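Student: I have a chain on my screen and some questions about it. Could we work through them together?

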Amino acid sequence: MQETDGKGVWSKRVCAKPGGDGGRDRDPVKGGGHPDTQWACSSYSFRQYLRYCNTTNFQNIHQRYQRSPLILRNILSFVTWLPVLWCFHIYVFQLMWVTGRSMYPFLNTDSDRRLTRDVVAVSMWNPTKGLRRGDIVVFRSPSNPDKVAIKRIIALEGDSVLTRDPYPIPQQEVSLGHIWVEGEHPEHTRWSYDSNTYGAVSKSLIIGKAMGVVWPWSRRSWISADGWRGSSRVIERRPEDGLHIS
């Protein structure tokens, strides 16, 4: 069995068999007696060997890190944080560019004059909790899950909506587990592709809730359902009416 002599040099030491040293085995590290057999002695030496290797490797890595250039150390520190940043970006918070004119004039107000797009802060953490009429949500389009849309909730499950073209029926009740979303452009049928086209949206498709506008800087503000006046085309469900499952 090979083990360290304390100076990084490995030498071979042999444990005595039982009875060879007064009925005791020789400890290869301390040199004293050992109550077990030669196999136990070899196992003990192997544990010392592993401990030495782990300590030495850590010291070598630490010394190389300290001798590396500062810019390399900064890059390594940043790389170690990438998994944390990725999880934060996917599950907690994102900044998103708003494209298109379906939410005009609430979002992309300057799109008619300049080719600017609003940047909104989106909370990704449990976005379906506490949904209210007037909330602006980010969701995957029911007609094309590869695309992400941003619209305002105008009706919740159990509400009845007086629909717009091109929806096939004039009035629709929102079923359990769904919401009705619409854009805000005055020329709705031309610019907004929403629930009047693909119907109520399942809550499972919601990936985030808009919290505020962060760019352009002159229009930075919080987004809240409290300032929304509601829609005259929505017949809200009363608690005593119950909820129809369809």
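**Around S141**

Tutor: Start here: S141 touches K147 and Y198, leaving aside residues up to four places away in sequence. Touching is contact, meaning heavy atoms within 4.5 Å. This is a predicted model, where local features need pLDDT of at least 70, side-chain atom pairs count only at pLDDT 80 or more, and totals for chains, interfaces and linings use all residues. Residues are numbered from 1 along each chain as its sequence is written, and side-chain values use heavy atoms, with hydrogens and water left out.

Student: Is S141 buried or exposed?

Tutor: Buried means under 20% relative accessible area, exposed over 50%, and partly exposed in between (1.4 Å probe, protein chains only). S141 has a relative accessible area of 8%, so S141 is buried.

Student: Which side chain joins that of S141 in a polar contact?

Tutor: A polar contact is a pair of N or O atoms within 3.5 Å; within protein, one must be able to donate a hydrogen and the other to accept it, and residues adjacent in sequence count only if both atoms are side-chain atoms. At 3.0 Å, the partner of S141 is S143.

Student: Where is S141 placed?

Tutor: Strands are DSSP runs (E, at least two residues), numbered from the N terminus. S141 lies in the loop between β7 (136–140) and β8 (148–155).

Student: What is the strand order in the open sheet of three strands?

Tutor: Two strands pair if DSSP finds at least two bridges between them. The edge strands, β10 (171–173) and β15 (234–235), each pair on one side only. With antiparallel pairing, the order is β10-β9-β15.

Conventions. Helices (H or I, at least four residues) and strands (E, at least two) are DSSP runs, numbered from the N terminus.
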